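Take a look at the chain shown below. This report walks through its strands, helices and cores, one part at a time.

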Amino acid sequence: MKLQGSIVALITPFHADGTVNFERLGEILDWHVAQGTDGILVLGTTGESSTMSHEEDDEVCRFAIDRVAGRVPVIAGSGSNSTETQLEKSKKYAQMGADALLCITPYYIKANAEGMYRHFADVADAVDVPVILYNVPGRTGCAIPEETVARLARHPNICGIKEASGDISYAARIARYLSDDFQMFCGNDDITLPLLSLGASGVISVWANIMPAACHQMVMDYLEGRREQARKAQLKYLDLINGLFMEVNPIPVKEAMNLMGMDVGGYRLPLCPMSSEHREKLAGMMRQAGLKIK
């Protein structure tokens with residue numbers, strides 16, 4: 001899979017009773033395609049999969065694949081701290097028609113290097129769609145060792161890594177293993193351009209939930225050589241991007257979407273609505289970035 005540009009780490013909209021709002025989900029998926037989003041990730045961290053049942057995950061994945069209908073690639077988050085569970089979900093989503101799978105490090109367990117390698121390689125051996133590694137130690141408590149990335153990058157069915165450590169030094173070290181068959185995607189909106197400069201192919205973005213066209217344009221400006229324009233965009237929207245993480249993701253981005261009138265609903269415990277002070281601050285950042293508050 002050759003993918004570049006802005007891949008939205010999609011939220012999951014809920015009804016007031018906490019059930020998935022599939023009607024709204026369909027509208028959001030259509031909006032992203034129309035806005036130029038280059039790929040859609042469902043069931044990631046931003047999608048609150050960790051608070052959803054396996055059955056709900058399956059329904060969201062199937063719905064997204066059917067609704068998008070091949071207009072852009074759909075990546076399904078099939079990761080788990082249990083390799084067996086990750087394998088089961090990966091096989092299921094591959095059969096549904098996902099274009100790629102995003103598999104996370106084995107959180108809480110903190111595997112050794114060989115266990116970490118097999119956690120990903122066993123899945124990649126078993127499915128016929130590309131696998132993207134997900135390195136996010138701030139969430140999982142463990143990172144993929146550089147040497148393990150080097151081994152996994154050689155696997156014929158592992159096509160890339162979502163690098164979300166925020167550590168540019170680590171990103172630079174693993175960038176040495178990038179090739180036509182192994183891509184890197186930035187997982188931190190605030191350092192998209194630095195990682196593009198190291199060879200990343202795009203960003204898997206939280207910010208794209210509210211400004212998909214701007215995110216797509218910034219990445220493509222950089223990749224197509226309009227680097228000063230891209231630099232200006234990264235700095236122009238930096239305050240808003242950081243504001244989307246003033247509380248744990250996806251609380252601020254769902255609040256932002258609701259402020260825009262997108263009616264994506266609330267959260268599931270232990271996630272709660274953000275404080276009124278933070279909401280007011282976020283609204284000010286959104287206005288400064290040119291977004292309309294309803």
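How many bridges join strand β3 to β4? Three bridges join them, and the two strands run parallel. Strand β3 covers residues 74-77, and β4 covers residues 100-104. Keep in mind that this is a predicted model.

## The barrel

Eight strands close into a barrel. Their order is β1-β2-β3-β4-β5-β6-β7-β8, and the pairing is parallel. From one strand to the next, the twist averages 25 degrees.

Start with strand β1, residues 5-9, which is joined to β8 by four parallel bridges. Here I7 stands opposite I204 of β8. Strand β7, residues 183-186, is also joined to β8, by two bridges, and these strands run parallel. In this pair, C186 stands opposite V203 of β8. Between β7 and β8 the chain passes through helix α8 (residues 192-197), and this β-α-β crossover is right-handed.

## Strand β4 and its neighbours

I104 has Y134 as its bridge partner in β5. The chain goes from β4 through α4 to β5, again as a right-handed β-α-β crossover. β5 then pairs with strand β6 (residues 158-163) over five bridges, in the parallel sense. There V131 stands opposite I158. As for α3, this helix packs on the sheet and touches β3 and β4. Its direction makes about 165 degrees with that of β4.

## Two faces, both covered

In a regular strand the side chains alternate between the two faces of the sheet. What lies on each side of β4? A100, L102 and I104 are on one side, L101 and C103 are on the other, and all are buried.

## A closer look at I104

Is I104 buried or exposed? Its relative accessible area is 12%, so I104 counts as buried, the cut-off being under 20%. I104 lies in strand β4. Its contacts, leaving out residues up to four places away in sequence, are G79, S80, Q86, H119, F120, Y134, V136 and T140. A16 is another matter: it is 88 residues from I104 in sequence and 30 Å away in space, C-alpha to C-alpha.

## The nonpolar cores

The largest nonpolar core has 89 residues. I144, W207, I210 and L240 have the most contacts inside it. Helix α4, residues 113-126, gives the most to this core, with six residues. Apart from it lies another core, of 15 residues, including A9, L41, L102 and I132.

What does I210 touch? Beyond four places in sequence, I210 touches W31, L240, L244, V253, A256, M257, M260 and L291.

## A pair of helices

Two packed helices are described by the angle between their axes and the distance between the axes. Take helix α12 (residues 251-259) and helix α13 (residues 276-288). Their axes come within 10 Å and cross at roughly 65 degrees. The crossing is right-handed. On the α12 side, P252, E255, A256 and L259 take part, meeting R279, L282, A283 and M286 of α13.

The bond from N249 to P250 is cis, with omega near 10 degrees. P250 lies in the loop between α11 and α12. The bond from L269 to P270 is also cis, with omega near 15 degrees. P270 is in the loop between α12 and α13.

Now check phi. L43 is not a glycine, yet its phi is positive, near 65 degrees. L43 sits in the loop between β2 and α2. Y108 has a positive phi too, of about 70 degrees, and is not a glycine either. Y108 lies in the loop between β4 and α4.

Which of these is buried, and which exposed? L43 has a relative accessible area of 5%, so L43 is buried. Y108 has 73%, so Y108 is exposed.

Note on methods
Residues are numbered from 1 along each chain as its sequence is written. This is a predicted model: local features need pLDDT of at least 70, side-chain atom pairs count only at pLDDT 80 or more; totals for chains, interfaces and linings use all residues. Side-chain values use heavy atoms; hydrogens and water are left out. A nonpolar core is a set of buried Ala, Val, Leu, Ile, Met, Phe, Trp, Tyr and Cys residues joined through side-chain atoms within 4.5 Å. Buried means under 20% relative accessible area, exposed over 50%, partly exposed in between (1.4 Å probe, protein chains only). Contact means heavy atoms within 4.5 Å. Two strands pair if DSSP finds at least two bridges between them. A crossover is right-handed if, with the strands pointing away from the viewer, the path from the first strand over the helix to the second runs clockwise. Axes are lines fitted to C-alpha atoms, for helices over the stretch in contact, and angles run from 0 to 180 degrees between N-to-C directions. A crossing is left-handed if the near helix is turned anticlockwise from the far one by less than a right angle, and right-handed if clockwise.
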